[in-house]
Amino acid sequence: MADKHKDGDHHHSGDHGHDHAAAPMVDEISDFEILELAVRELAIEKGLFTAEDHRAFSEWNDARSPAAGSRMVARAWTDPAYKARVFDDPLNASKEVGVDWSEPSGFGTTSDYMHLTVLEDTPTLHHVIVCTLCSCYPRPILGHSPYWYRAPNYRRRIVRWPREVLAEFGLIVPPEVELRVEDSNAKSRFMVLPVRPEGTEGWTEDQLAEIVTRDTMIGIAMPKPGRTTDGPRPIHRASRPVHSGGRPTEAPK
Amino acid sequence: MPSPKETRRIYDAGSHLMPAIHQAQDWPYEVPHTLYEAYIWPTHDVGGQPYAPQIFEEKEDEEWENNVYITCEVLGFRGMWNAEERRRRYANDIGLTLYYGFPYNARWIWGAAKMLVDKNYVSLLELQGKIAEIRERLGVNSNRRGHAPSNINHGDTTKIHTGTGKSPSSPGKYIDYGPTPPWEPTGEVQPARFKVGDRVRVKDLPAIFYTRTQMYVRNMTGTIAALTYPDLVPADEAWDRYDAPQEQYYIVRFQQKDLWAEYPFENDTLQSEYPDMWLEAAD
């Protein structure tokens, strides 16, 4: 049996439209792909939504990434007035880094709502986020959640054995530090504002944003000079990855 | 001589073997209460369940998974369903077998199809016919490359930049869905009964059909850490009862050692969010 997920079978990055010759052959179209087409085509035929609705939301979706969150953290580290706004008025603080939570509908998205809370780490308090009931995550400002965040294993264990799970990610939280798990079970969405690490004195906002990776805003890693990517972590490549525009195709930085 | 990768694959397969004793569960005459509670425990409420460590992977989205997400969100913009219905009733309340047997986004599209039929937007025959038509069109089981062709005309596309952390938002470039979301509550806002610092206990109401109050916090006592917003309670929103009363939501902080008797670190905490009705004053 062909192993269609073998590492290195193919590589893809950026815009190459439908020219995807290096992709592995797919024996069979996924039943779920067929079901999605069936639902979408029926919905459009019945006038429940339009192809334009789908296209427009796809564009919004393509533009999501953790970059805005990184920017928010870096600015909060350098600008005390902005930092105060991050806690007092997080939706407007989001706008200042380019994210309007009311997009793309005027009232936000179906799943994300408009209630952001930013959790401030201190030298004696560390936060980590989870959604034990499903996969709630601040998509507008951090992009899509990593798959492990949505998967049952992390959701089962992080609320009860948080220090063990964090250690599996390579983060040892000292016993004297209070570890606080935020279980995102309702309409509030959370991201972590980590502690600015030593060795970054005098850095610019751009330099600082580089070390604020996705994982540091989930709370499973700490930023530090030189650490500009998450992981290393195994990558499970898609058989037929997303082709539309700017979604990250590699593990996010 | 097997490759290192093949050896690893065999190791992984072997390391996942577990013994099981099968006992048929065909309509027992009686079900003890504890077992009843275990059966109705909402499938998706997994917090605190013991499990062995697993490798945390970065999984790339398949194209179909991305399309599922978009289709399900857009169904919300047009008022076909709200996320509360989708998350719990349609994508999660599907029994253990499908909940664990399907991929993440498969449950979403399964739920969307079920919703369209449940609400009489399409008949089951229409859905079956459409699935058959698409299978025929795509030539399922034949060798094929690239994408599934579709008869949907997407039209021209343009790029927008809102998630780079530098670009301004671009209001006016989006579709007008009206001034309020389809899931906007209309019921009266009830006054908040609690304030920051109050000690509260989470009620243990029957978990029948649906809940967003995790099993692991039930009957546990914590402290109000913040007042968040007034909104419908989940049980009303999940059944489109938009005119039901709106209640204050609170972030409640628990001591981990109160939640888990064996928890070894004195100062660690956990926070989660509940509407007024799920809380009662603790002595």
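Arg163(A) lies over the face of Phe265(B), at 4.1 Å from the ring centre, where a charge sits over a ring if NZ of Lys or CZ of Arg is within 6 Å of the ring centre and within 35 degrees of the ring normal. In chain A, the charged end of Arg75(A) sits over the ring of Tyr82(A), 5.7 Å from its centre. The model is predicted, so that local features need pLDDT of at least 70 and side-chain atom pairs count only at pLDDT 80 or more, while totals for chains, interfaces and linings use all residues. Residues are numbered from 1 along each chain as its sequence is written, chains are lettered from A and ligands numbered from 1 in the order in which they are written, and side-chain values use heavy atoms, with hydrogens and water left out.

The secondary structure of chain A comes to 11 helices and five strands, and chain B has nine helices and six strands; helices (H or I, at least four residues) and strands (E, at least two) are DSSP runs, numbered from the N terminus. Buried residues (under 20% relative accessible area, with exposed over 50% and partly exposed in between, for a 1.4 Å probe and protein chains only) make up 63% of the 253 residues in chain A, and 44% of the 283 residues of chain B. Taking contact to mean heavy atoms within 4.5 Å, 65% of the contacts in chain A between residues at least 6 apart in sequence join residues at least 24 apart. In chain B, residues 24 or more positions apart account for 63% of the contacts with a separation of 6 or more.

The aromatic rings come next. Rings of Phe, Tyr and Trp (its six-membered ring) pair if their centres lie within 6.5 Å, and planes under 30 degrees apart count as stacked, over 60 as edge-to-face and the rest as tilted. By this rule there are 29 aromatic pairs over all chains. One of them is the tilted pair of Trp148(A) and Phe169(A), at 4.7 Å centre to centre with 50° between the planes. This pair links distant parts of the chain, 21 residues apart, with Trp148(A) in helix α7 (residues 147–150) of chain A and Phe169(A) in the loop between α9 (162–168) and β3 (178–183) of chain A. Trp148(A) is buried, with a relative accessible area of 3%, and Phe169(A), at 14%, counts as buried too. Phe169(A) also forms a stacked pair with Phe56(B), at 4.3 Å centre to centre and 10° between the planes. Here the pair crosses between chains, reaching from the loop between α9 and β3 of chain A to the loop between α2 (33–40) and β1 (58–59) of chain B, where Phe56(B) is placed. Phe56(B) counts as buried, at 9% relative accessibility.

One aromatic cluster is formed by Phe57(A), Trp60(A), Phe107(A), Tyr147(A), Tyr69(B), Phe77(B), Tyr104(B), Trp108(B), Tyr177(B) and Trp183(B). Of these, Tyr104(B) has its place in helix α6 of chain B and counts as buried, at 8% relative accessibility. Not counting residues up to four places away in sequence, Tyr104(B) touches Ser135(A), Arg139(A), Tyr147(A) and Arg150(A).

Helix α1 of chain A packs against helices of chain B. Helix α1 (residues 31–45) of chain A and helix α7 (residues 124–138) of chain B pack at an angle of about 120°, with their axes 9 Å apart; axes are lines fitted to C-alpha atoms, for helices over the stretch in contact, and angles run from 0 to 180 degrees between N-to-C directions. That angle makes α1(A) oblique to α7(B), given that angles under 35 degrees count as roughly parallel, over 145 as roughly antiparallel, 65 to 115 as roughly perpendicular and the rest as oblique. The crossing of α1(A) and α7(B) is right-handed, a crossing being left-handed if the near helix is turned anticlockwise from the far one by less than a right angle, and right-handed if clockwise. Among the residues that make this contact are Ile34(A), Leu35(A), Ala38(A) and Leu42(A) of α1(A) and Leu127(B), Ile131(B), Ile134(B) and Leu138(B) of α7(B). With α6(B), α1(A) packs at an angle of about 40°, the axes lying 10 Å apart, and this crossing of α1(A) and α6(B) is left-handed. There, Phe32(A), Leu35(A), Glu36(A) and Val39(A) in α1(A) meet Ala106(B), Ile109(B), Trp110(B), Ala112(B), Ala113(B) and Leu116(B) in α6(B).

Helix α4 (residues 83–90) of chain B is mostly covered, with seven of its eight residues buried. The buried residues of α4(B) include Glu84(B), Glu85(B), Arg86(B), Arg87(B) and Arg88(B). The buried residues of α4(B) pack against β4 (189–193) of chain A together with α3 (63–77), α6 (104–118) and α8 (234–237) of chain B.
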